[in-house]
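User: Got a model on screen and want a quick walk through its contacts and surface. Can you take me through it?

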Amino acid sequence: MTGAVDFFGLYLPWLMPLAALALIALSAVRRLLARAGAYRWIWHPALFDLAVYLLLLWGLSDASLRVLHGPG
């Protein structure tokens, strides 16, 4: 099965663990931004958080592809 991860006998699509890692990273980024007071300057925090989550997910998927298939 390609594109799947065996998690204790349960096959998950490869994007699901990456999505969970991106969610964990998002919570850390949100805490840092809140502590820095950045949310005072952001017009729509929920939309901003969604954009940051998608960027983190893209970055993790790109990094995992580079690790698995090499650069290029």
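**Salt bridges, helices and surface**

Analyst: Start with a salt bridge: aspartate 49 pairs with arginine 30, and their closest N and O atoms are 3.2 Å apart. Keep in mind that this is a predicted model.

User: Which helices do aspartate 49 and arginine 30 sit in?

Analyst: Aspartate 49 is in helix H2 and arginine 30 is in helix H1, so the pair ties together parts 19 residues apart in sequence.

User: Is aspartate 49 buried or exposed?

Analyst: Aspartate 49 counts as buried, because its relative accessibility is 11% and the cut-off for buried is under 20%. Arginine 30 is partly exposed, at 42% relative accessible area.

User: How many salt bridges does the structure hold?

Analyst: Two. Besides the pair above, aspartate 62 forms a salt bridge with arginine 66. The closest N and O atoms there are 3.2 Å apart.

User: Where do aspartate 62 and arginine 66 lie?

Analyst: Both are in helix H2. They are four residues apart, about one turn of the helix. Aspartate 62 counts as partly exposed at 25% relative accessibility, and arginine 66 counts as partly exposed at 47%.

User: Back to the helices. At what angle do the axes of H1 and H2 cross?

Analyst: Roughly 130°, and the axes come within 8 Å. That makes H1 oblique to H2, because angles over 145 degrees would be needed for roughly antiparallel. H1 covers residues 15-36, and H2 covers residues 45-69.

User: What handedness does the crossing have?

Analyst: H1 passes H2 in a right-handed crossing.

User: New topic, the surface. Which residues form the nonpolar patch?

Analyst: Trp43, Leu47, Leu50 and Leu54. Together they have about 500 Å² of accessible area.

User: Where is leucine 54?

Analyst: Leucine 54 is in helix H2. Its relative accessible area is 46%, so leucine 54 is partly exposed.

User: Last one. Where does phenylalanine 8 lie?

Analyst: Phenylalanine 8 is in the loop between strand S1 (4-7) and strand S2 (10-13).

User: And is phenylalanine 8 buried or exposed?

Analyst: Exposed, because phenylalanine 8 has a relative accessible area of 80% and the cut-off for exposed is over 50%.

User: How many Å apart in space are phenylalanine 8 and arginine 40?

Analyst: They are 43 Å apart, C-alpha to C-alpha. In sequence, phenylalanine 8 and arginine 40 are 32 residues apart.

Technical notes:
Residues numbered from 1 in each chain as written. Predicted model: local features only at pLDDT ≥ 70, side-chain atom pairs only at ≥ 80, totals over all residues. Heavy atoms only, no water. Patch = residues over 30% accessible without salt bridge, like charges linked within 9 Å, V, L, I, M, F, W, Y side chains within 5 Å. Areas by Shrake-Rupley, 256 points an atom, 1.4 Å probe, with all protein chains shown as cover. Salt bridge = Lys/Arg side-chain N within 4 Å of Asp/Glu carboxyl O. Helix = DSSP H or I, 4+ residues; strand = E, 2+ residues; numbered from the N terminus. Buried < 20%, exposed > 50% of the residue type's maximum accessible area, 1.4 Å probe, protein only. Axes fitted to C-alpha atoms, helices over the stretch in contact; angles between N-to-C directions. Parallel < 35°, antiparallel > 145°, perpendicular 65-115°, else oblique. Left-handed = near helix turned anticlockwise from the far one by under 90°.
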